[in-house]
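Q: Could we go through this structure together? I would like to know which parts of the model deserve attention.

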Amino acid sequence: MVGVCNRNDYTGKIDQAVADTGTVIDEIANAAPNAQIVLMGYPHIVGDSQCWAGDFDTLNYLADYMRVQAENQDRRSGTKVAFADPVPAFKGHGLCDSDEWINGVVAGPNGDGDSHDGDPANQALTDIGYKGS
């Protein structure tokens, strides 16, 4: 099944990323006290109507979890931090939506998005020496 992941495998990593981001925010605030700091969130990757079998709700859950953590960053760091939420702008443009803004899964071995040696679609990459998977 495509897209299966356990939320608990990632929330701790998000928490650590948020803590690390707080450290960076403090460093920016110390180096540039008048800087305007803006954190950018993650969109919902998958639209409301799913087109593949899998637990894609977890991807959207993790974007929401990260948003809640990031929105509270200014309280943690003591520095004014704005948050830019892309979820509303991406509504209707996730994977499986009719107007995707996010590239979907590409079935290989030689379809668009692949980088196999000898694939005519990737000839420019192989001509410059890139050796894909």
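**Confidence and architecture**

A: This is a predicted model. The mean pLDDT of the chain is 74, and 67% of the residues score at least 70.

Q: Where is confidence lowest, and where is it highest?

A: The lowest mean is found in α5, at 46, and the highest in α4, at 90. Over residues 125-133 the pLDDT is below 50. Beyond near neighbours in sequence, that stretch has 11 contacts in the model.

Q: How many helices and strands are in the chain?

A: The chain has five helices and two strands. Along the sequence their pattern reads α-β-α-α-β-α-α.

Q: And how do the two strands run, parallel or antiparallel?

A: Strand β1 and strand β2 (residues 81-84) run parallel, joined by four bridges. In this pairing, I37 stands opposite V81 of β2.

Q: Which side chains of β1 are buried?

A: Those of I37 and L39, which point to one face of strand β1 (residues 37-40).

Q: Let us turn to α1. What does its span look like?

A: Helix α1 covers residues 7-31, 25 residues in total. From its first C-alpha to its last it reaches 36 Å, close to the 36 Å expected at 1.5 Å a residue.

Q: Which residues in α1 are buried?

A: T11, I14, V18, G22, I25 and A29 are buried in α1.

Q: Why would residues three or four places apart point the same way?

A: An α-helix has 3.6 residues a turn, so positions with that spacing point the same way.

Q: Take G22, then. What is its relative accessible area?

A: The value for G22 is 9%; because buried means under 20%, G22 counts as buried.

Q: How far is G22 from G78?

A: Their C-alpha atoms are 9.3 Å apart in space, while the two glycines are 56 residues apart in sequence.

Q: Changing topic: how many aromatic pairs does the structure hold?

A: The structure holds two aromatic pairs. One of them consists of Y61 and Y65, with ring centres 6.2 Å apart and planes at 25°. Planes under 30 degrees apart count as stacked, so this pair is stacked.

Q: Where do Y61 and Y65 sit along their helix?

A: Both are in helix α2 (residues 57-71). They are four residues apart there, so about one helical turn separates them.

Q: What about F90 and W101?

A: F90 and W101 form an edge-to-face pair, at 5.3 Å centre to centre with 75° between the planes. The pair links distant parts of the chain, 11 residues apart: F90 lies in helix α4 (residues 87-90), and W101 lies in the loop between α4 and α5 (123-127).

Q: And what is the relative accessible area of F90?

A: For F90 it is 24%, which makes this residue partly exposed. W101 also counts as partly exposed, at 48% relative accessibility.

Q: Finally, the chain as a whole: what share of the residues is buried?

A: Buried residues make up 31% of the 133 residues in the chain. The accessible surface comes to about 8500 Å², and 52% of that area belongs to carbon and sulfur atoms.

Q: What share of the contacts with a separation of 6 or more comes from residues 24 or more positions apart?

A: Such residues account for 59% of those contacts in the chain.

Key
Residues are numbered from 1 along each chain as its sequence is written. This is a predicted model: local features need pLDDT of at least 70, side-chain atom pairs count only at pLDDT 80 or more; totals for chains, interfaces and linings use all residues. Side-chain values use heavy atoms; hydrogens and water are left out. Buried means under 20% relative accessible area, exposed over 50%, partly exposed in between (1.4 Å probe, protein chains only). Contact means heavy atoms within 4.5 Å. Accessible areas come from the Shrake-Rupley method with a 1.4 Å probe; for residues, only the protein chains shown count as cover. Two strands pair if DSSP finds at least two bridges between them. The expected span of a helix is 1.5 Å times one less than its number of residues. Rings of Phe, Tyr and Trp (its six-membered ring) pair if their centres lie within 6.5 Å; planes under 30 degrees apart count as stacked, over 60 as edge-to-face and the rest as tilted. pLDDT is the predictor's confidence in each residue, from 0 to 100.
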